[in-house]
Amino acid sequence: MLLLGCIKEVSDYELAVSLPNGLSAFVPVTQISDAYSKLLTKQVAQGELLEELNSLPDIFSPGTLVRCIVTSIEKRDDGSRSVKLSIDPKKVNKGLSSTALAAGMLLSGSVLSVEDHGYLIDIGVTGTHAFLPHQKAKNYIKAAKKGPDLKIGQNLNCLIVEVKNEGRVVCLSIDRSEVAASIATERQNWALSNLLPGLVVKARVQKVAPLGMKVTFLSYFTGIVDFMHMDLEKSMSYSPDQVVKACVLSVHPSSKAVRLTLRPPFLHPGGAPRPLPAERLGAVLEEATVKAFYKQFGAVFELDDGTLAFARLKHLSKTRKSFKPGAFKEGCKHKCRIIDYSLMDEMCVVSLKRQIIEARFLQYQDIHTGDVVQGKVLSLKPIGMKVKVADGIRGLVPSLHLSDVILKQPEKKYNIGDEIKCRVLECSPGEKKLILTLKKSLVQSKLPVLSSYEDAKPGLITHGFVVCAREFGCIVKFYNDVKGLVPKNELGTEPISCPDKVFYEGQVLKVMVLKCEPQQERLLLSFRLSSKPGPEDKWKCTPSKKHEVKYQIGEILDVKILRKKDNGLEVSILEDEDNVVAWIPTLHLSDFVATSKLLWHLLQEGDVLPRVMYLSDKGEHITLSRKSAVISAVQEEQVVRSFSEIQPGMLLTGYVRNVMPFGVFVEFPFGVTGLSPKVSMSDKFVTDTKDHFVVGQTVIAKVMSIDEEKQRVLLNLKVSECSSGDSAAESFALLNQYFKELKEIRNLLRRGEPRNCELVPGRRVHLVVQDVREDGSALFSGSSVTGLTVTATRYHLGGEDITPGQKRKAFVLHVDALTSEVYVSLREELLKQRPKRVSMHSVFGFMSSCLS
């Protein structure tokens, strides 16, 4: 079905369109035009903004008339329907052919490309090239105030000025005066198959009725003008054979139904309906006078300022049973509230329902950050809970905010239809985005709401929630996505060595603002509410004792382990007379995260570690690293020593410092850090950043761009983008390093339990069945696996029935030294394989599991 619509709202992802008879629909960003969709696809593929691709707000303006075609009608969770449209000329003008084109025709077009002398326009007609000269566009461009040129994807109301070569070439104009004077005539040979909404015609009245009138136009077309598109004062003064000017509103090809309007703004192509003053929407009117009542549709009212309004039948009373037709005779007065405005009908939409008149919120603009609101549970999804706050207002409670603690099974606490009290975390009316929280600590908080960096004054105490706890401190979030850092030395009155073991994601805490820089959106916080901020507060923790710098970053040292702590090793630098103490974080023991944890487990106090690199002297300790890839990068001078040395395109070796929902922070030797946004993290689609990277992981990153003013670096971590060219050599070097560390681990195992270190993937062992579990897996014991938990899954039992006490021969698949677990298989095809070949295959599998 083809309709004429008027744009109500424009967002980055869709157009909200007003349709006739008070209806509304949406045009997704993918339904603008072919050229615009191609640019979108290209931008997504490249992962960076394209200069030639303009956002929808840069192209479209509220109040603009557009020709649309219905593409789908979907049913929402609450039973209402969502109508999706397209304004793509190929779909709207699909009934037109090149031979049917004629001078004087008015149709929709979209900018395809910008040329030297004008624009190529896509009018959706196969085999036809449409050209718009600059001269015919300059007045429109000046009036539109969207820039010096038309933009690709911009929708235009085009008048055909000239047709050449039997319709293969047409010349267009969008000059407002020429378009406004256009009237469709019989000479243009319009047919029902290609008749377009928006055409202005001369119509002849055929029949007049209380609900509208029947007219004929363009010689043999018949159409209907309903009561909402007639002048109510003249509705009974129209007479048969009277000639009126009308505009086509909609065309339904299958039913051959054509609807028209007699309203003045539509009788000049390119015109625009009158908008409703913003302050009127939501207004409660004590007395609205009934002008007309239609028992199947509703009632038309005259408001206090003389304008007309329409109330649908369901909005005239609370229920159908309580509805009294006698109360809506002409002249009766009622209290009502303006709930919407139909641009296409130039009428306010009102409701007489008491619950709507007294409703606190009517539109997203009525809701403010920090408001406590009542809602009804609509649905529970993995991302969170959908909540109905009011008619037409929906919100989301993210899963993190369903309770003060993380709920693993929220469906046990909440049911569909439950009434709940929430607090608004974020509200963006333009995007119709409403984020809520159910955390009692936030909902019931009497402390000030921190919703902007400008409000963050030193000394302010408020509630916030933890979104990240790492070795450097905690990141705390407030309202409207305002967030700040609580450094390690401000986490409490006593030192906290492992913040991630004390604080958890989603935890609500009182915090005090120490310092704020609104322009940089930087906020320094403290959990120590008695602290008094001073002018000399620094962003980073100051070490309690600063060591005299004796070493340079990159220097290779030998160290001896003094103590093992939860998150690393405290070591002393050998051959240093001052017995300087240094620190090796667990994740810096290896390039491989799993190997790092295994090494920490096996190393003992007194062990000597050779060839450890001096990494930094920030914090309370000198920090060292055993990451082979990082050491090689420093030794081969493939590093940057300061921000000024960074250039786009560089490949740098570093390690993951933090994993956030929006991306990954990577740190490089010499202290330079950068951010890899979610879109640039992986060649695969990223849903959850934590599924792709972990803190401490060694990575190779490519510099995408730098912001010198804000000292920010954007990185690309896609494997396809981060190869130096010789990927085979890189892979073998990585593999070789892994096997070296594997050998080191085996030597460490030998001193603890010599027999167990000989248990490697691919070895055949004799075992005794201990137990068969309910899931079909089995437990084993044996002299060669003393002190280990040996398991075979149901699949690896090979379909054989086994009972406790049986002796069986098994094939070792994997040995987990950290958990002392061994996985074996009884399958014949593995037991028959040559040991050497299977062992290498298993080692590769083991290595893959370590790297992941």
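# A tour of strands, loops and a cavity

Select strand S41 (residues 764–772) and strand S42 (residues 778–781): the two run antiparallel and are joined by four bridges. Strands here are DSSP runs of E with at least two residues, and helices are runs of H or I with at least four residues, both numbered from the N terminus. Two strands count as paired if DSSP finds at least two bridges between them.

Before moving on, note that this is a predicted model: local features need pLDDT of at least 70, side-chain atom pairs count only at pLDDT 80 or more, and totals for chains, interfaces and linings use all residues. Residues are numbered from 1 along each chain as its sequence is written, and side-chain values use heavy atoms, with hydrogens and water left out.

**Stop 1**

Pick Val769; its bridge partner in S42 is Phe780. The five strands close into a barrel in the order S41-S42-S43-S45-S44, with mixed pairing. From one strand to the next, the twist averages 50 degrees. Axes for that angle are lines fitted to C-alpha atoms (for helices, over the stretch in contact), and angles run from 0 to 180 degrees between N-to-C directions. Strands of a sheet pair through backbone hydrogen bonds, either parallel or antiparallel.

**Stop 2**

Select strand S7 (residues 118–122). Four of its five residues are buried, so the strand is mostly covered. Buried means under 20% relative accessible area, exposed means over 50%, and partly exposed lies in between (1.4 Å probe, protein chains only).

S6 and S7 pair in the antiparallel sense over four bridges. The two form a hairpin with three residues between them. Click Ser110 and look across to S7: the bridge partner is Asp122.

S7 and S8 run antiparallel and are joined by four bridges. Tyr119 has Leu132 as its bridge partner in S8. This hairpin has six residues between the strands, and Gly124 in it takes a positive phi near 75 degrees.

**Stop 3**

Go to Glu346, in the loop between strand S19 (333–342) and strand S20 (347–351). Phi of Glu346 is near 50 degrees, a positive value in a residue other than glycine. Is Glu346 buried or exposed? Glu346 is buried, at a relative accessible area of 7%.

Then jump to Asn480. Look in the loop between strand S27 (473–477) and strand S28 (483–487). Asn480, also not a glycine, has a positive phi near 55 degrees. Asn480 counts as partly exposed, at 32% relative accessibility.

**Stop 1: the cavity**

Select Arg423, Leu442, Ser445, Leu447, Pro448, Val449, Thr462, His463 and Tyr479. These residues line the largest cavity. On a 1 Å grid over the protein atoms alone, a cavity is a set of points where a 1.4 Å probe fits but cannot get out; lining residues have an atom within 4 Å of a point. The volume of the largest cavity is about 40 Å³. A volume is the space filled by probe spheres set on the points, with grid points joined across faces, edges and corners. The count comes to one cavity of 30 Å³ or more.

Colour the lining by class: five residues are nonpolar, three polar and one charged. Ala, Val, Leu, Ile, Met, Phe, Trp, Tyr, Cys and Pro count as nonpolar; Asp, Glu, Lys and Arg count as charged; the others, Gly among them, count as polar.

**Stop 2: cysteines**

Cys348 is buried, at 3% relative accessibility. Select Cys468: the closest cysteine sulfur is in Cys474, 7.6 Å away, again too far for a bond. Cys468 is buried, at 4% relative accessibility.

**Stop 3: two loop residues**

Pick Glu708, in the loop between strand S39 (698–707) and strand S40 (712–716). Glu708 counts as exposed, at 59% relative accessibility. Show Ser644 as well: Glu708 and Ser644 are 64 residues apart in sequence and 8.3 Å apart in space, C-alpha to C-alpha.

Finish at Val580, in the loop between strand S32 (568–573) and strand S33 (581–585). Val580 is buried, with a relative accessible area of 12%.

How values were computed. 1 Å grid on protein atoms, 1.4 Å probe; cavity = no way out; pocket = protein on both sides within 12 Å on 5 of 7 lines; lining within 4 Å. Disulfide = S-S within 2.5 Å.
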